[in-house]
Amino acid sequence: MSLLLPDAEATMALGHRLASLLRAGDLVVLTGGLGAGKTTLTRGLGEGLGVRGAVTSPTFVISRVHPSLVGGPELVHVDAYRLGGTAELDDLDLDADLEAAVTVVEWGAGLAEGLADDRLELTLAADPETEERRLDMRGVGPRWEGTDVEAALRDTGGAA
Ligand SMILES: Nc1ncnc2c1ncn2[C@@H]1O[C@H](COP(=O)(O)OP(=O)(O)O)[C@@H](O)[C@H]1O
Ligand SMILES: [Mg+2]
C-alpha cells in the first residue's frame, strides 16, 4: 500500500488526515532516511490533533510531549536517531504515557516494536530528483485489523 506525496504541503495534509485516524494509546513508527519527511508528517499530525507547540527536529531532546489544546490525546514525539538502543528507549519511561497519548517514534524501526503489539508502521521514501515522497503503510496487531489505512489516508480532495 503506497501513497504519493508530491510536496511538503501534501505530507502535512496527510498528517492532518492521520490525526483523525488515531486515538489515545496508538503508536506510530516512522521510518525513512534523513530528510525523508518524518518530522514534517509529525508536524501535520500535531496540527491535526490540536496540540500545543510546533513539532520540530529536536537537537538535544529525544522525546517531547505536546499536550492537547482541544481535550484530545497528547502527542509524544520521540526522535530515536541518537538513541543507542532498546535499553535507552526503555530509559525514556514512555510506557507510562502510551495509554493517554498518540506516540510517534522517528527512527523507531527495530526499537519501538517492543513498546506495543499494535502499531502503525509508516515508511517514507524520497525521490532524489523531485520533492515527491512515497509513503508505505502497514498496520500491525488487532487494533489495525480490518482498518483500510490507505483508504483513510488517501487525499480524497475533501477537507483534510
Ligand atoms: N513531499 C515532501 N514531504 C515532506 N517533506 C518534503 C517533501 N518535499 C520536500 N520536503 C522537504 O524535505 C525536508 C524534510 O525534512 P524532515 O521532515 O525534517 O525529514 P526527517 O524528519 O525525515 O529527517 C523538509 O525541508 C521539507 O520541506
Ligand atoms: Mg526528523
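Predicted model: local features only at pLDDT ≥ 70, side-chain atom pairs only at ≥ 80, totals over all residues.
**Around ligand 1**

Ligand 1 is surrounded by 17 residues. The closest are Thr11, Gly35, Lys38, Thr39 and Thr40. By type, the shell holds 5 nonpolar, 7 polar and 5 charged residues.

| Residue | Backbone atom | Atom of ligand 1 | Distance |
|---|---|---|---|
| Leu5 | N or O | nitrogen | 3.1 Å |
| Asp7 | N or O | nitrogen | 3.1 Å |
| Glu131 | polar backbone atom | nitrogen | 2.9 Å |

On its own, ligand 1 has 570 Å² of accessible area, and the protein covers 75% of that. Two elements each give two or more residues to the shell: helix H1 (8-21) and helix H2 (38-49). H2 gives the most, with 3 residues.

**The magnesium ion**

Ligand 2 is a magnesium ion. Which atoms coordinate the magnesium ion? They are OG1 of Thr39 and OE of Glu106, at 2.1 to 2.2 Å. This pair joins distant parts of the chain. Thr39 sits in helix H2, while Glu106 belongs to strand S5 (residues 101-106). The two residues are 67 residues apart. Both are buried.

**Thr11, a residue of the shell**

Thr11 lies in helix H1. Is Thr11 buried or exposed? Its relative accessibility is 4%, so Thr11 counts as buried. The cut-off for buried is under 20%. Beyond its neighbours within four places in sequence, Thr11 is in contact with Leu5, Gly37, Thr40 and Leu41.

**Glu99, a loop residue**

Glu99 is found in the loop between helix H4 (95-98) and S5. Its relative accessibility is 65%, so Glu99 counts as exposed. Exposed here means over 50%. Where does Glu99 stand relative to Arg23? Along the chain they are 76 residues apart, and their C-alpha atoms are separated by 9.5 Å. With neighbours within four places in sequence left aside, Glu99 is in contact with Ala24 and Gly25.

Conventions
Residues numbered from 1 in each chain as written. Chains lettered and ligands numbered in written order. Heavy atoms only, no water. Near = heavy atom within 4 Å. Polar contact = N/O pair within 3.5 Å; in protein donor to acceptor, adjacent residues only side chain to side chain. Areas by Shrake-Rupley, 256 points an atom, 1.4 Å probe, with all protein chains shown as cover. Helix = DSSP H or I, 4+ residues; strand = E, 2+ residues; numbered from the N terminus. Nonpolar A, V, L, I, M, F, W, Y, C, P; charged D, E, K, R; others polar. Donors = N, O, S within 2.8 Å, 3.2 Å for Na, K, Ca; no water. Buried < 20%, exposed > 50% of the residue type's maximum accessible area, 1.4 Å probe, protein only. Contact = heavy atoms within 4.5 Å.
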